[in-house]
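Please open the structure in the viewer and keep the selection panel at hand.

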Amino acid sequence: ISDQKPLGCWSVKHGQVLTCPVVCNLETHEYIAVHDHRVLRIWKNEDINLDKAFKATLSADVHRVHSLPQAGPLVLFRAGAVRTLDVLLEAPQQEIESVISDETIRWSGAFMESQQPVVIFTTEKDGDFFVYVQKPKQESVHKYRLEPQELCKPLSFTACLKNQTVTLLCLCSNGCVYKVLIPLQEDTEEEEQTLPKSLLLNLSVSGSVLKGTSLVVLDKDHVAVLGSLGAPGKDPKECLTIWNTKFQTLQTSKELPLGTSGQLWCYEEKFFLTHGKVLTVIMYKCETSSLAAAVGKLKDSQTPAVSSCVNWNTLEDEELAVSLQSQESAALKAEPRMSLRSRRSSVAKVQPENLSVGQHSLNLQDAPTTVLESELRKLMSKAQTPDLQATIGSLVSALANRSKANPRFYPKNVLLQLVETRDLSYSLCPDLMPLALEKKDLYLLQLCLQRFPDIPEEITYACLEAFLSISEAHLRSTEVDLDSVICYIDVQLKNKGVKTEVVENGFDAELDQDMCDAEMPKQTHSKSDGESCPVGPQRAALLNAILHSAYSDTFLLPHLKNLPAQQAILFLRYLYYLYVKCSEKVNTTLPGVRSPTINQVMDWMCLLLDAHFTVMVILPEAKELLSNLHKFVRAQVRFYSELNKIEGSLRELQRLNHLRDSQSYSIEVLEII
């Protein structure tokens with residue numbers, strides 16, 4: 001995730017501690033948290049203060065809250081009892097029975113089977129491990145003992161439920177994954193059963209054992225394991241691996257050099273894990289499992305219906321999918337040697353019908369520009385799928401890398417077409433915007449800023465600095481989308497300031513005498529008065545794209561402090577101009593397509609002043625600008641204060657208007673005190 005902007009943040013009071021992970025009730029869209037083991041909190045997105053959210057104090061300590069789409073949240077207590085949230089809220093102080101004794105819960109999970117919720121959790125006592133299966137609505141509990149394993153200890157558990165059978169997977173300290181089958185059918189046996197464990201997978205790579213810390217089930221034939229792999233004589237490296245349990249093979253792996261927390265989550269074909277200080281998301285796709293795919297010998301010419309078993313695309317630095325690379329390398333080895341020119345031409349002329357989208361894009365990345373444009377139109381005519389989206393992102397990154405290696409190659413039209421017609425993101429093609437900055441492709445940068453939702457603050461700042469530093473002469477000869485400025489800046493006047501008749505909300509010279517001199521002397525800085533645009537239409541359109549981009553002020557502020565003083569003043573003049581233009585309208589909205597909003601303008605003004613306030617105060621050329629800005633804001637505050645004073649009277653007028661009989665004639669005199 002490139003954009004680290006928090007969408008919501010709630011905190012408990014000093015001294016309180018959140019004691020289990022927060023979950024979302026998918027039916028009511030509410031958040032559920034437990035702090036200090038027994039205090040339940042429930043709130044919604046619009047709630048700001050967590051201390052004012054719904055609160056219920058329970059009679060026993062909570063271990064975990066599980067949320068199921070069709071059954072509502074389930075609360076698992078440390079004593080092993082399970083309650084649905086609805087039942088618990090009816091009587092929060094109800095007595096909670098003890099299901100386990102002197103045991104510690106190590107793992108828990110919730111599932112749906114035959115439209116009934118099922119909670120499964122494992123416990124440990126004196127080195128022995130137990131499994132409990134509970135059906136809260138039927139009030140049934142079954143306890144099992146796991147068969148002990150010599151010289152190894154369970155580190156992590158995961159489970160899946162299918163056809164009335166729970167498959168519990170256990171990752172042990174000896175580098176092996178064991179499978180335990182637990183039937184769900186009702187039985188009358190009261191004795192504690194011992195469940196046998198069978199070896200499912202040996203996590204060994206070239207003689208080195210993967211020391212796993214977490215695992216998740218992907219499908220019936222694949223599991224993902226997060227852990228560290230140490231080669232002889234080398235330091236262990238943390239990595240994320242995907243294994244084929246059917247053929248006992250390692251399908252693919254990704255090194256994580258910045259380290260992880262040891263936790264791995266999986267949701268809707270995406271991995272979530274912490275890598276260093278950031279949250280990393282990796283997309284994956286498990287396809288048909290076959291022996292050829294498992295050993296990496298799959299050839300499309302022989303088995304066109306089956307592709308590599310795992311086709312995953314990271315949202316970070318990977319240029320192309322690992323599985324697609326392995327397929328292509330296998331195919332290229334079988335081809336006879338030929339010259340580079342003939343190989344490129346063969347890509348254009350012969351495209352087998354059974355080539356996958358990924359292989360097609362791999363062929364295109366080395367094609368000439370003319371071939372690339374024509375073949376790209378065919379590729380983009382395909383139906384929109386997540387695979388196509390990720391593959392096109394990989395293709396863009398590959399083209400960007402090719403352009404860096406060969407400065408003469410720059411398929412501008414192809415890149416523009418991809419950005420304009422596909423919902424790409426910065427994460428899918430992280431090399432594109434740095435390349436556009438290097439090539440000074442302003443139109444491509446503008447499109448990316450308008451369309452990419454996850455641009456890092458460092459790149460946003462680099463675009464801002466480039467837009468402010470480039471000369472007006474160069475801008476006038478550059479193609480830029482002017483839709484956002486054409487309605488309030490006369491594009492025919494080029495670099496000349498556009499005089500407008502400004503009637504600001506609340507701005508009245510008679511109201512404040514010290515504002516009557518707002519018209520500045522006609523000199524080099526005359527464009528800072530808010531009545532004329534201090535920049536040309538091309539630069540204004542580019543700066544509007546910056547204002548529309550998402551950012552986190554925490555991450556952007558350190559970069560903004562590096563902005564040269566003259567550029568900061570120019571940007572502030574333009575923001576002040578937009579602020580005045582917005583205030584001309586009653587609805588404070590600028591005309592045009594993708595025009596900045598007054599909130600965006602004010603946020604950037606505050607951010608820029610925070611980053612350069614000391615410099616602005618010291619520089620003589622900024623003094624008059626700050627003075628005018630101060631006067632204008634003060635007039636607006638005074639105007640809205642006067643409106644607040646008559647708010648009650650206006651509401652009374654509105655109420656009387658509803659009560660008035662429209663059929664009768666009357667004259668009313670209302671006195672506003």
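**Stop 1: a sheet and its edges**

Select V205 in this predicted model: V205 stands opposite S208, a residue of β18. Strands of a sheet pair through backbone hydrogen bonds, in either a parallel or an antiparallel manner. Next, display the whole open sheet, whose five strands run in the order β17-β18-β19-β20-β21 with antiparallel pairing. Its edge strands are β17 (204-205) and β21 (249-255), each of which pairs on one side only.

**Stop 2**

The structure holds 12 aromatic pairs. Select F571 and W604: their ring centres are 5.8 Å apart and their planes stand at 65°, so the pair is edge-to-face. Because F571 belongs to helix α15 (residues 565-584) and W604 to helix α16 (residues 598-618), the pair ties together parts that are 33 residues apart in sequence. Both F571 and W604 are buried.

Now select Y579 and F632, an edge-to-face aromatic pair with 5.3 Å from centre to centre and 80° between the planes. This pair links distant parts of the chain, 53 residues apart: Y579 is in helix α15 and F632 in helix α17 (residues 620-645). Y579 is buried, as is F632.

**Stop 3: a cluster and two charges over rings**

Select W10, Y31 and W43, which form one aromatic cluster. Proceed to K143, whose charged end sits over the ring of F130, 4.7 Å from its centre. Finally, select R402, which lies over the face of F409 at 3.7 Å from the ring centre.

Conventions:
Residues are numbered from 1 along each chain as its sequence is written. This is a predicted model: local features need pLDDT of at least 70, side-chain atom pairs count only at pLDDT 80 or more; totals for chains, interfaces and linings use all residues. Side-chain values use heavy atoms; hydrogens and water are left out. Two strands pair if DSSP finds at least two bridges between them. Helices (H or I, at least four residues) and strands (E, at least two) are DSSP runs, numbered from the N terminus. Rings of Phe, Tyr and Trp (its six-membered ring) pair if their centres lie within 6.5 Å; planes under 30 degrees apart count as stacked, over 60 as edge-to-face and the rest as tilted. Buried means under 20% relative accessible area, exposed over 50%, partly exposed in between (1.4 Å probe, protein chains only). A charge sits over a ring if NZ of Lys or CZ of Arg is within 6 Å of the ring centre and within 35 degrees of the ring normal.
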